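The entries below follow my order of looking.

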Amino acid sequence: MNLIRVEKNQVGLLIKNGDFKKVLAPGRYWAWNRKDFHIFNLNMVFLPPVPLEELLANETFAAMADVVAVKQHEIALVFENDLLKMNLLPGRYAFLKGNSEMKFQVIDVSGANIINDLPREVLFHPMLQSMFRNYIVAQHEKAVLLVDGKFHSVLDSGVYSFYVNSHQIELKKADMRMQALEISGQEILTKDKAALRINAFAQYNIADINKAVLENKEMEKQLYVLVQLVLREYIGTLGLDELLEKKGQVGKFMLEQIREEAATLGVTINGFGVRDIILPGDVKEIMNQVLVAEKKAQANLIMRREETASTRSLMNTAKLMEENPMLFRLKEMEYVERIAEKVGSINVNGGGLLGDQLRQIFTPK
């Protein structure tokens with residue numbers, strides 16, 4: 001004889017020669033053949049040793065079992081005491097009731113719409129990662145949602161989840177912030193055939209994501225070519241001197257010319273500027289020579305003006321001294337004083353006025 005124990009969290013089935021006989025409640029049982037007894041844990045997926053329909057025909061077993069049918073396009077989530085326990089793929093399942101509360105949520109996963117009826121704890125649960133596709137659109141982004149290659153909708157920033165099924169899901173993201181387009185090292189001929197290298201930049205942002213992402217391939221490259229061609233065309237209408245004078249007006253002209261065409265790319269142009277105009281070495285040398293010549297001419301002009309003013313002042317002084325002998329004597333004494341500053345010693349003999357003797361020493365005869 002064999003002692004068979006059925007614990008409190010278990011249920012037993014007596015099956016002889018493949019025929020279901022009865023349900024065994026928790027307790028102790030004696031049997032000649034241990035193989036006739038099948039013991040199962042409660043709150044677990046029940047794998048019947050005989051067809052499930054045969055067991056469900058028994059009222060006792062039917063009252064203690066939950067049956068979950070999952071169709072081909074569905075999945076089922078199993079919660080025990082409101083905690084996710086497992087997921088079920090298509091098929092038919094039975095659970096033996098125990099002390100824990102069991103809940104089952106059957107979900108149709110055949111659609112391609114955004115999942116809005118499941119909490120994030122379920123969508124990002126490690127156990128279910130193979131069943132959901134999760135996408136994140138950042139704060140500064142927007143995205144175009146394509147389902148099976150067709151436009152579906154435009155998505156703002158956020159987290160979006162989809163079921164893993166036969167539908168093809170694709171998100172094309174676009175940065176909606178202000179961006180800079182660098183136009184560097186452009187070699188351009190002016191109207192007078194001067195070869196220049198120009199560095200410029202444009203500021204833009206995406207205004208229409210459908211045009212920028214769906215209707216135009218490689219929008220940034222197209223925008224670069226557009227700005228480059230308009231800049232070359234404008235520079236070609238100006239001479240070198242005219243370009244250097246109108247450098248500040250290039251941005252205004254470019255904005256007016258490219259704004260409309262940029263709108264067809266889904267882009268708004270907010271600013272344009274020329275950073276550098278780089279002249280060839282020979283042209284730069286010539287311009288430096290011109291600049292030096294201009295500065296020399298200005299210096300000569302200033303010197304002439306100063307000389308003229310000095311001469312005029314001397315003439316006025318001479319005229320005053322001619323009219324006033326005393327002024328002449330004062331001027332004469334001023335020069336004597338200046339000369340005396342450079343003389344080490346002076347010997348003066350008696351007789352005659354001191355001033356006359358000094359004048360005879362320092363003034364030519």
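I started with D82, in the loop between strand 8 (74-80) and strand 9 (83-88). Strands are DSSP runs of E with at least two residues, helices are runs of H or I with at least four, and both are numbered from the N terminus. The model is predicted, so I took local features only at pLDDT of at least 70 and side-chain atom pairs only at pLDDT 80 or more, while totals for chains, interfaces and linings use all residues. Residues are numbered from 1 along each chain as its sequence is written, and side-chain values use heavy atoms, with hydrogens and water left out.

I checked the backbone of D82 and read a phi near 70 degrees, a positive value in a residue other than glycine. Is D82 buried or exposed? D82 is exposed, because its relative accessible area is 54%. The cut-offs are under 20% for buried, over 50% for exposed and in between for partly exposed, with a 1.4 Å probe and protein chains only.

I then went to D148, in the loop between strand 13 and strand 14 (150-155). D148 also is not a glycine, and its phi is positive at about 55 degrees. Its relative accessibility is 41%, so D148 counts as partly exposed.

**Entry: E141**

I looked up E141 in strand 13, which covers residues 141-147. E141 has 19% relative accessibility and therefore counts as buried. Which backbone atom does the side chain of E141 reach? I found the backbone nitrogen of A138, at 3.0 Å.

I listed the contacts (heavy atoms within 4.5 Å) next. Setting aside neighbours within four places in sequence, E141 meets D156, S157, K173, A174 and M176.

**Entry: S161**

S161 sits in strand 15 (residues 158-163). I count S161 as buried because its relative accessible area is 3%. Its side chain makes a polar contact of 2.5 Å with the side chain of N134. Such a contact is a pair of N or O atoms within 3.5 Å; within protein, one must be able to donate a hydrogen and the other to accept it, and residues adjacent in sequence count only if both atoms are side-chain atoms. Beyond four places in sequence, S161 touches N113, I114, I115, L123, R133 and N134.

**Entry: M178**

I found M178 in the loop between strand 16 (169-175) and strand 17 (179-189). Not counting residues up to four places away, M178 touches Q203, Y204, N205 and N270. T268 is 90 residues from M178 along the chain, yet their C-alpha atoms are separated by 9.7 Å.

**Entry: helix 5 and helix 7**

I compared the axes of helix 5 (residues 219-235) and helix 7 (residues 250-263): they come within 10 Å and cross at roughly 135 degrees. Helix 5 and helix 7 are therefore oblique to each other. Angles under 35 degrees count as roughly parallel, over 145 as roughly antiparallel, 65 to 115 as roughly perpendicular and the rest as oblique.

Which residues meet here? From helix 5 I noted L223, L226, V227, V230, L231 and Y234, and from helix 7 V250, F253, M254, Q257, I258, E261 and A262.

**Entry: the whole protein**

The protein has 10 helices and 19 strands. Buried residues make up 33% of its 365 residues.

Definitions and conventions
Axes fitted to C-alpha atoms, helices over the stretch in contact; angles between N-to-C directions.
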